[in-house]
Amino acid sequence: MSDRRAVVVCASTRAATGVYPDRTGPLIVAVLREWGYQVNDATVVPDGEPVADAIAEALAGAPALVVTTGGTGISPTDVTPEMTRRHLDREVPGIAEAIRAAGVAKGVPTAMLSRGLAGVAGRSLVVNLPGSTGGVKDALAVLAEVVGHAVDQIGGGDHR
């Protein structure tokens, strides 16, 4: 999988303005590197339109995988799903549903409030993860089981 590229986008106005450091982006980057993806450090942008711009920039490079973190909740500034949907050709709701279900199963009922999406944009898989480190860890555990297969399928691979 060493030829596979991934991009990580962190949606956080506070992290983007230096109020606190981004902790979820580096976590995702480290795991993706363990999985064999070539990935630069996370791009940190404020909530809103900058998220759409960062996703567009990521997709322009045609990576196998784009993972966002943050902005998936229900506060007024949480608009990552809306910014993501603009770029998707097809949604893959089962991924987002499994991520939410995993959080709830681990005893975090607020995981059901995440509005994260997953889908296909061109030949890239795009997945929204929550903005908490716990939520990211739970989501990555779900993705570990399916992301390789999903990326293969998007690239035209046979069903296993």
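How many residues does helix α3 have, and how far does the helix reach from its first C-alpha to its last? In this predicted model, helix α3 (residues 49-60) has 12 residues and reaches 17 Å between those two atoms, which is close to the 16 Å expected at 1.5 Å a residue.

**Helix α3 and its surroundings**

- The buried residues in α3 include Val 51, Ala 52, Ala 54, Ile 55, Ala 58 and Leu 59; seen down the axis of the helix, its buried residues fall within an arc of 165 degrees, so they line one face of α3.
- The face of α3 turned away from that buried side carries Asp 53, Glu 57 and Ala 60, which are exposed.
- The buried residues of α3 pack against several strands, namely β1 (5-11), β3 (43-45), β4 (65-69), β6 (118-121) and β7 (124-129), and also against helix α4 (80-85).
- Just after α3, the backbone at Ala 62 takes a positive phi of about 50 degrees.

**Salt bridges**

- Arg 4 and Asp 152 meet through their side chains in a salt bridge with an N to O distance of 2.1 Å; because Arg 4 lies in the segment before β1 and Asp 152 in helix α7 (residues 147-154), the pair ties together parts that are 148 residues apart in sequence.
- Within this pair, Arg 4 counts as buried at 18% relative accessibility, whereas Asp 152 is partly exposed, with a relative accessible area of 24%.
- Asp 138 and Lys 106 form another salt bridge between their side chains, at 3.1 Å from N to O; since Asp 138 belongs to helix α6 (residues 133-144) and Lys 106 to the loop between α5 and β6, this pair ties together parts that are 32 residues apart in sequence.
- Asp 138 counts as buried at 12% relative accessibility, while Lys 106 is exposed, with a relative accessible area of 60%.
- The side chains of Arg 85 and Glu 91 also meet in a salt bridge, at 2.8 Å from N to O; Arg 85 counts as partly exposed at 40% relative accessibility, and Glu 91 counts as partly exposed at 39%.

Conventions
Residues are numbered from 1 along each chain as its sequence is written. This is a predicted model: local features need pLDDT of at least 70, side-chain atom pairs count only at pLDDT 80 or more; totals for chains, interfaces and linings use all residues. Side-chain values use heavy atoms; hydrogens and water are left out. Helices (H or I, at least four residues) and strands (E, at least two) are DSSP runs, numbered from the N terminus. The expected span of a helix is 1.5 Å times one less than its number of residues. Buried means under 20% relative accessible area, exposed over 50%, partly exposed in between (1.4 Å probe, protein chains only). The arc is that of the directions from the helix axis to the C-beta atoms. Contact means heavy atoms within 4.5 Å. A salt bridge is a side-chain nitrogen of Lys or Arg within 4 Å of a carboxyl oxygen of Asp or Glu.
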